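Hi everyone, thanks for making time today. Let me put the model up, and then we'll walk through its aromatic rings, its sheet and one of its helices.

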Amino acid sequence: MKILVVSSVGGHLTEIMQLAPVLADHEVVLVLNDEAALPDFPFARVYRIAHAERDARVLLNFLEAARILRAEDPDIVLSAGAGPAVPVALVARLCTRARIVFIESAAAVARPTLTGRLMYPIAHRFFYQWSAVAHFFPRAEKASIHFG
């Protein structure tokens, strides 16, 4: 199975890479929105897209997402946020057969993130990590990423 992991650099990448033992049995392609040291993981390929901050570069991210999705044709698009998740997931949802899986950040303890609110209607499966945000995502599932 080919999994396209989409992440901003920093904590979101650290969080999603806690799933490395699960990802290890699959072909994993990484999409990052900035330069950063890569996690110790055998990614098949790594794409770097423009770092958009709710500005016009988001439009560029849509074009970059279309190019990457056409080249990779993933089975799953997986993200824990932040910014690059939305354009990649939206293009994937509209133009590919990929299933969209989103994990709301562990930092969203009491209120959902903006990315989570945008991803909820796009994602085929949506996971939150704290019960306090459950009522924001009625069809989502509770799951926690354990850091260690």
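Let's begin with the rings: the count comes to six aromatic pairs, where rings of Phe, Tyr and Trp (its six-membered ring) pair if their centres lie within 6.5 Å, and planes under 30 degrees apart are stacked, over 60 edge-to-face and the rest tilted. One of these is Phe41 with Phe43, a tilted pair at 4.9 Å centre to centre with 50° between the planes. Both Phe41 and Phe43 are buried; buried means under 20% relative accessible area, exposed over 50% and partly exposed in between, using a 1.4 Å probe and protein chains only.

Before I go on, a word on the source: this is a predicted model, in which local features need pLDDT of at least 70 and side-chain atom pairs count only at pLDDT 80 or more, while totals for chains, interfaces and linings use all residues. Residues are numbered from 1 along each chain as its sequence is written, and side-chain values use heavy atoms, with hydrogens and water left out.

Back to the rings. Phe126 and Phe137 make another tilted pair, at 4.4 Å centre to centre and 40° between the planes. Why does this pair tie together parts that are eleven residues apart in sequence? Because Phe126 lies in strand β6 (residues 125–128), while Phe137 is in the loop between β6 and β7. Helices (H or I, at least four residues) and strands (E, at least two) are DSSP runs, numbered from the N terminus. Phe126 is buried at 1% relative accessible area, and Phe137 is buried too, at 2%.

Phe126 and Phe137 also belong to one aromatic cluster with Phe102, Tyr120 and Phe136. Over the ring of Tyr120 sits the charged end of Arg139, 4.5 Å from the ring centre; the rule here is NZ of Lys or CZ of Arg within 6 Å of the centre and within 35 degrees of the ring normal.

Now the sheet. Its seven strands form an open sheet in the order β3-β2-β1-β4-β5-β6-β7, with parallel pairing; two strands pair if DSSP finds at least two bridges between them. At the edges are β3 (45–48) and β7 (141–142), each pairing on one side only. Strand β4 (residues 76–81) is joined to β5 (residues 99–103) by four bridges, and Leu78 has Val101 as its bridge partner in β5.

Last, helix α4 (residues 85–95): its buried residues include Val86, Val88 and Val91. Which elements cover the buried residues of α4? They include β1, α3, β4, β5 and α5 (114–119), with contact meaning heavy atoms within 4.5 Å.
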